[in-house]
Amino acid sequence: MISTWRRRMAARRARKLELRRGDEAFEEVELTVPSEFKCPISLDLMKDPVTLLSGITYDRESIEMWIEAGNRTCPITNRAFGSLELVPNHMIRRMIQEWCVENRSHGIERIPTPRIPVSSMEVVEMLDKISEASKIKDQSVCRKLVVKMKALSKESERNKKCFKSNGTGSVLAAAFEAFSETSSQDEENDDISKEILSALTLMLPLSVEAKSCLGSPSSLHCMVGYLTNSDLSSGWNSALVLREIVSSDKRKVEALAEIEGALESLFKVVKEPICPAATRSSLIVIYHMVTSSHPAKDMIISRFVQMGLVSLLVETLVDADRSMSEKALGVLDGICDNEEGKEAVRDNSLAVPVLVKKLLRVSDLATEFSVSVLWKLMAIGESGEDGGGVLAEALQVGAFQKLLLLLQVGCGERTKEKATQAVKLLNLHRERLECIDSLDFKDLKRPF
């Protein structure tokens, strides 16, 4: 029995020794990247080696980040750059690729041959051709150039920045305006307009000049038509661009509202979502419509209320994420500036519970909007009524305690003022209506 035990222990020691030798052998053959293949900035294997006039080779991504940070000296020699031109080092790149192939047994993957990035000269040349083609309504030439531009922009972030910095957004916006004038009559013009609109979403945020072109009556009519009467991608692109236009130019809000079917199209995008991004963009456009100070504001809110926007927003808020909640609450806040809108919110049985639920649970902005809506709904209580039942309902779902807690943890001045007024209104009816034991909050200090 002892001899059997000894044999087992000897076998176990032999296995441990063998495993230890294997580990040592592995450590001896551990792969080391040659120093000439490493970028001097990132110290990683270079994927797209480029050389400056200083003669030092860097990885393109690293040296571009260095230059974009405002540095104008070589990080190795500390000498000023004579030129910022980056020359691809094909010899080093081929050597790196060969080294990767030789060491693929160690799990090293061969780096792909990088595409040469687009230059500013090429971009300007393409933009000139697009401008000329749009003036003479040459759909074929314009389509080819726009498709090529989209492909190059999607290749790398560097290409996209190059297109943006050379005014691509303004040229595309002018071309869209030119083709949108006849897009409803000419199917080919309609197709190229959709292609240009798709490219424009890659150039966001747009310049003032680009927004001016896109805010023309023909451009707005065209995008409104794409919201619901076209394919999903065109509807999404239209929502994104419309958001960009109205967010910076309040005059375009009224122009958009005057277009037949614009309000119905925006409502439909929210009711029948294309995608979350399009829904959020549509809510932002609606928010600017119901909050901007223009003569048609009350009419716009009234039409949205009649469509059923209030109940749709409340249902959306039940399980919405942070971004969607903020935008839906912002629209509700704007709607409550109108008496008809305020009445529609009061009549919705879910509105007050959902608003109270969003307090202190989503974000500071969502809390600010929720407090504002509740305050507007309760304000009628100052006339001697109970706000159409809002005060009673708010007390039943714990609004008093949440607002009091909000005042304790702190908030913005405007929100604090509204929350204080709401708490005072609720306090007047608290003894009679509250169904939550107030002793649970007896240690909280009141600001009144």
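Helices here are DSSP runs of H or I with at least four residues, strands are runs of E with at least two, and both are numbered from the N terminus. Counted that way, the protein chain of this predicted model has 23 helices and three strands.

## The chain overall

The protein chain has 448 residues, and 46% of them are buried. Its accessible surface comes to about 24000 Å², with 51% belonging to carbon and sulfur atoms. If we take the contacts between residues at least 6 apart in sequence, 65% of them join residues at least 24 apart.

On the H5 side the contact is made by Met149, Leu152, Ser153 and Glu155, and on the H6 side by Asn159, Lys160 and Phe163.

## Salt bridges

The structure holds 17 salt bridges. Three of them are set out here.

| Side chains | N to O distance |
|---|---|
| Arg60 and Glu64 | 4.0 Å |
| Glu155 and Arg115 | 3.7 Å |
| Lys376 and Asp337 | 2.7 Å |

Take Arg60 and Glu64 to begin with. Both lie in helix H2 (residues 60-68), four residues apart, which is about one turn of the helix. Salt bridges that share partners join Arg60 and Glu64 with Asp48 and Arg158 into one network.

The side chains of Glu155 and Arg115 also meet in a salt bridge. This pair links distant parts of the chain, 40 residues apart: Glu155 is in helix H5, and Arg115 is in the loop between helix H3 (90-102) and helix H4 (120-135). Glu155 has 36% relative accessibility and therefore counts as partly exposed, while Arg115 is exposed, with a relative accessible area of 63%. Glu155 is also one of the H5 residues that make the contact with H6.

Lys376 and Asp337 form the last pair in the table. They too link distant parts of the chain, with Lys376 in helix H20 (residues 364-378) and Asp337 in the loop between H17 and H18, 39 residues apart. Lys376 counts as buried at 11% relative accessibility, whereas Asp337 is partly exposed, with a relative accessible area of 43%.

Lys376 turns up again among the contacts of Lys342, a residue of helix H18. At 13% relative accessibility, Lys342 counts as buried. Leaving aside neighbours within four places in sequence, Lys342 is in contact with Ile335, Cys336, Lys376 and Leu377.

## Backbone details in the loops

A few loop residues deserve a look at the backbone. The peptide bond from Leu204 to Pro205 is cis, with omega near 0°. Pro205 sits in the loop between helix H8 (187-200) and helix H9 (208-214).

Lys137 is not a glycine, yet its phi is positive, at about 55°. This residue lies in the loop between H4 and H5, and Lys137 is partly exposed, with a relative accessible area of 30%.

Leu360 likewise has a positive phi, near 60°, in a residue other than glycine. Its place is the loop between H19 and H20.

Together with Leu405 and Val409, Leu360 makes a nonpolar surface patch of about 250 Å². While Leu360 comes from a loop, Leu405 is found in helix H22 (residues 399-409).

Technical notes. Residues numbered from 1 in each chain as written. Predicted model: local features only at pLDDT ≥ 70, side-chain atom pairs only at ≥ 80, totals over all residues. Heavy atoms only, no water. Patch = residues over 30% accessible without salt bridge, like charges linked within 9 Å, V, L, I, M, F, W, Y side chains within 5 Å. Areas by Shrake-Rupley, 256 points an atom, 1.4 Å probe, with all protein chains shown as cover. Contact = heavy atoms within 4.5 Å. Buried < 20%, exposed > 50% of the residue type's maximum accessible area, 1.4 Å probe, protein only.
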